[in-house]
Amino acid sequence: MNEIKSFLDCLWNSYSKITPSAQKIKSIFENEGEIVVNDHIAFRTIDAGDLSITYLQPHLFKLGYKVFDTYLFKEKKLIANAYKHPDPTIPKIFLSGIQPNYFSTDVEKILLRLVESATLPWNADLDILYSGTLWPNITENEYVTLLKESEYAAWVATLGIRPNHFTVNVNVLRKYNSVESVLNLVERYGFKINESGGRVKGSKSILLEQGSTMADTVTIDLVGNDGNLVPAVVPSCYYEFALRHPDKEGNLYQGFVEKSADKIFESTDVK
Ligand code: NI
């Protein structure tokens, strides 16, 4: 149990360091007397070689997580698995991976080179899930090439393996018991909301409603044409809010909805 708690702490530290908005929004809820509980934590990876979902998920299995659902995002060329822990108070994990072979040869080559040049942490274990970029910095040209075809690819190439977002469980909030009321509160404090596909994605009839902030930004280094490092401001991570509804049997739906997740992914779009 301590192992999973310290794992979750490491994830939050890695995430909140480059997502100061999340830390601030969490404090806003706490100042409102709410207890912030996470519904799920999401990761992005390149689904190839040692960084594929198949290679990463045994680390989650060791903590007691089990796969409970699988998703396909055709347009974004991603696959994903959802994992839950036997202890329902432990957040679910959503691990998605981009599939290099569905992109142009240029993009595929860059992504596969990142996987091949990745230096896995010694005795990788759980550290790998908050290890960031395990490969040398990409070039400015590579960044542009990736971004043209996939914002997700550019995100993974610059930020690596780490939590992409945490998700507040709206069901356990007392005063702010709808996604819209949460978004309104967050917006009142000056944070930007992801409007792609509407502010609230999903509905009661599909058992899941979600919303999110737009990602913060972080300065990273790219390699310029002359071989020198050039600072670049790129999207980091966002904060999501999820409200789950009971199914016919009265159980809260625990899965994810492709159509909504597709729009939530766009929280890290480059403006
Ligand atoms: Ni999510």
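Contact here means heavy atoms within 4.5 Å. This is a predicted model, in which local features need pLDDT of at least 70 and side-chain atom pairs count only at pLDDT 80 or more, while totals for chains, interfaces and linings use all residues. Residues are numbered from 1 along each chain as its sequence is written, and side-chain values use heavy atoms, with hydrogens and water left out.

Let me begin with K76. Leaving aside residues up to four places away in sequence, K76 touches F103, D262, F265 and E266. K76 sits in the loop between strand 2 (66–73) and strand 3 (78–84); helices (H or I, at least four residues) and strands (E, at least two) are DSSP runs, numbered from the N terminus. Is K76 buried or exposed? Its relative accessibility is 17%, so K76 counts as buried; buried means under 20% relative accessible area, exposed over 50%, and partly exposed in between, with a 1.4 Å probe and protein chains only. The side chain of K76 also reaches the backbone oxygen of D262, at 3.1 Å.

The next residue, K77, is in the loop between strand 2 and strand 3. K77 has a positive phi of about 60° although it is not a glycine. Most residues other than glycine have a negative phi. K77 is partly exposed, at 26% relative accessible area. L207 likewise has a positive phi, of about 75°, without being a glycine. L207 belongs to the loop between strand 6 (201–203) and strand 7 (208–212) and is buried, with a relative accessible area of 18%.

I turn now to the metal. Which residues are the protein donors of the nickel ion? They are H40 (NE2), H165 (NE2) and E240 (OE), lying 2.1 Å from the ion. Donors are N, O and S atoms within 2.8 Å of the metal (3.2 Å for Na, K and Ca); water is not among the atoms, so sites may look incomplete. Along the sequence, the donor residues follow the spacing H-x124-H-x74-E. H165 lies in strand 5 (residues 163–169) and E240 in strand 10 (residues 238–244), so this pair ties together parts that are 75 residues apart in sequence. Both H165 and E240 are buried.

The aromatic rings come next. The structure holds 16 aromatic pairs. Rings of Phe, Tyr and Trp (its six-membered ring) pair if their centres lie within 6.5 Å; planes under 30 degrees apart count as stacked, over 60 as edge-to-face and the rest as tilted. In F7 and Y130 the ring centres are 6.5 Å apart and the planes are at 50°, so the pair is tilted. F7 lies in helix 1 (residues 2–18) and Y130 in the loop between helix 4 (105–117) and helix 5 (140–149), so the pair ties together parts that are 123 residues apart in sequence. Y152 and F265 form an edge-to-face pair, 5.9 Å centre to centre with 70° between the planes. F265, at 4% relative accessibility, counts as buried. Ring pairs also link W12, Y15, F29, F166, Y176, Y239 and F241 into a cluster.

Finally, the whole chain. The protein has 8 helices and 10 strands, and buried residues make up 54% of its 271 residues. Of the contacts between residues at least 6 apart in sequence, 68% join residues at least 24 apart.

Terms used:
A polar contact is a pair of N or O atoms within 3.5 Å; within protein, one must be able to donate a hydrogen and the other to accept it, and residues adjacent in sequence count only if both atoms are side-chain atoms.
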